[in-house]
Amino acid sequence: TKPVAKTINNCLIFLPFGYAADIISTVEFNYSGELLATGDKGGRVVIFQREQESKNRLLSRGEYNVYSTFQSHEPEFDYLKSLEIEEKINKIRWLPQQNAAHFLLSANDKTIKLWKISERDKRAEGYNLKDEDGRLRDPFRITTLRVPVLMPMDLMVEASPRRIFANAHTYHINSISVNSDYETYLSADDLRINLWHLEITDRSFNIVDIKPANMEELTEVITAAECHPHQCNVFVYSSSKGTIRLCDMRAAALCDRHSKFFEEPEDPSSRSFFSEIISSISDVKFSHSGRYMMTRDYLSVKVWDLNMENRPVETYQVHEYLRSKLCSLYENDCIFDKFECCWNGSDSAIMTGSYNNFFRMFDRNTRRDITLEASRENSKPRAMLKPRKVCTGGKRKKDEISVDSLDFNKKILHTAWHPKENVIAVAATNNLYIFQDKVN
């Protein structure tokens, strides 16, 4: 099934047919922000390209249209372990553009693929050994020499797999991160982190291994990992215990011993049955400057200074009103949802998702925050998004929504921010919304 894209001036809504395979599982801008890739549970990658701004269509600035769609992964079956490996795309990471083509890495639970996306708008005509329809000519009937010429044709975007990195992860891959040397990248699963070279597919180097000799002694798992944006020897990984470890690959070949350990001491008075679950970190992201990193747990986003390990420098509550609902969220498994977070291009603001198709934005300078809703009803052309508020008490104001009427099936787990402009992409189940700053 081919996805359909509907574009309007302040927002693009990605509308696939309503199957479970169409649920968007990752969103990623490329380094320039001109391309946006999404992966879904059906193993497909859809790439959107930004429209070129013209004098005649000033209002179209920021619109993204479908550029290429291809099947990245297929379902597989591990016969040795009798396990189905689903085709769902867990992560997409772009490589910096070096020539006319674009390259991206896409990963499902077990396999990472390097894809080349290239354009073709010319074709060769005038072959000597074959006719224009491709059939080979009789060599004895060839009496003249023809010089092939390039003729214009309709633009065709081709996606071709250039490398397949497989058979290196026993557990499910949760992160991939391209290193700042642009030659290597990390891939992480629940217990191990591997370092790959982009040119070598048959081997990788295991740089972190937290698997105990006896699996009954397992107390935590790796939840996310990312390379430092400027120092190619530094990376961090987070755990289900709410801790972050910063490692230096110059120190040892196996980075089981961390260089820095980031953990916020727990307040004993607020400890409960759910404390360990909600402290698990679902995402970690370095700031563009490399000075800070941001972590997302179930209820909050924290900003850490790499020079201060004992506590975060900033803490933002995403949906504190859910603390009283943890019991029901545990029963419906929502408490295990893995929300992602992202920085804006200047590191001055951060964004993350919530329930009821809400997403939250925090300004680090003014400490102001805003809650917005991604819904098709609110996405009229050039319409301003209205801030939303959640009411926890008995009396509810006109524009507020009661915490008891929140829809926990509508959740925004995946978000992305344009690296240079105030353009954001928000994945709400099987719809992709792209919003931008109001254009005068």
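Colleague: Which residues lie nearest the centre of the largest pocket, and how many residues line it?

Modeller: K88, F336, D337, K338 and L413 lie nearest the centre of the largest pocket, which is lined by 50 residues. This is a predicted model, in which local features need pLDDT of at least 70 and side-chain atom pairs count only at pLDDT 80 or more, whereas totals for chains, interfaces and linings use all residues. Residues are numbered from 1 along each chain as its sequence is written, and side-chain values use heavy atoms, with hydrogens and water left out.

Colleague: What makes a set of grid points a pocket or a cavity, and which residues count as lining?

Modeller: The search runs on a 1 Å grid over the protein atoms alone, where a cavity is a set of points at which a 1.4 Å probe fits but cannot get out, whereas a pocket is an open set with protein on both sides within 12 Å along at least five of seven lines; a lining residue has an atom within 4 Å of a point. The volume of the largest pocket is about 1200 Å³, and a volume here is the space filled by probe spheres set on the points, which are joined across faces, edges and corners.

Colleague: Which element gives the most to the lining of the largest pocket?

Modeller: That is β17, with five residues. At least two residues each come from β3 (24-29), β9, β13 (175-178), β17 (222-227), α1 (275-279), β21 (283-286) and β32 (423-428). These names follow DSSP runs, numbered from the N terminus, with helices (H or I) of at least four residues and strands (E) of at least two.

Colleague: How do the residues of the lining of the largest pocket divide into nonpolar, polar and charged?

Modeller: The lining holds 18 nonpolar, 14 polar and 18 charged residues. Ala, Val, Leu, Ile, Met, Phe, Trp, Tyr, Cys and Pro count as nonpolar, Asp, Glu, Lys and Arg as charged, and the others, Gly among them, as polar.

Colleague: Why is a contact called a salt bridge?

Modeller: The name applies when a side-chain nitrogen of Lys or Arg lies within 4 Å of a carboxyl oxygen of Asp or Glu. For K91 and E340 the N to O distance is 3.4 Å, so this pair qualifies. K91 belongs to strand β9 (residues 91-94) and E340 to the loop between α2 (326-331) and β25 (341-343), so that distant parts of the chain, 249 residues apart, are linked. Both K91 and E340 are buried, a term for under 20% relative accessible area, with exposed meaning over 50% and partly exposed the range in between (1.4 Å probe, protein chains only).

Colleague: How do you know that R120 and E158 count as partly exposed?

Modeller: R120 has 34% relative accessibility and E158 has 32%, so each value falls between the two cut-offs. Their side chains also meet in a salt bridge, at 3.2 Å from N to O. R120 lies in strand β11 (residues 112-125) and E158 in strand β12 (residues 149-165), so the bridge ties together parts 38 residues apart in sequence.

Colleague: What makes I193 and N430 buried or exposed?

Modeller: I193, in strand β15, has a relative accessible area of 0% and is therefore buried. In β16, V208 is the bridge partner of I193, and four bridges join these antiparallel strands, β15 and β16. N430, in the loop between β32 and β33 (431-436), has 18%, which is under 20%, so N430 is buried as well.

Notes:
Pairing = 2+ DSSP bridges.
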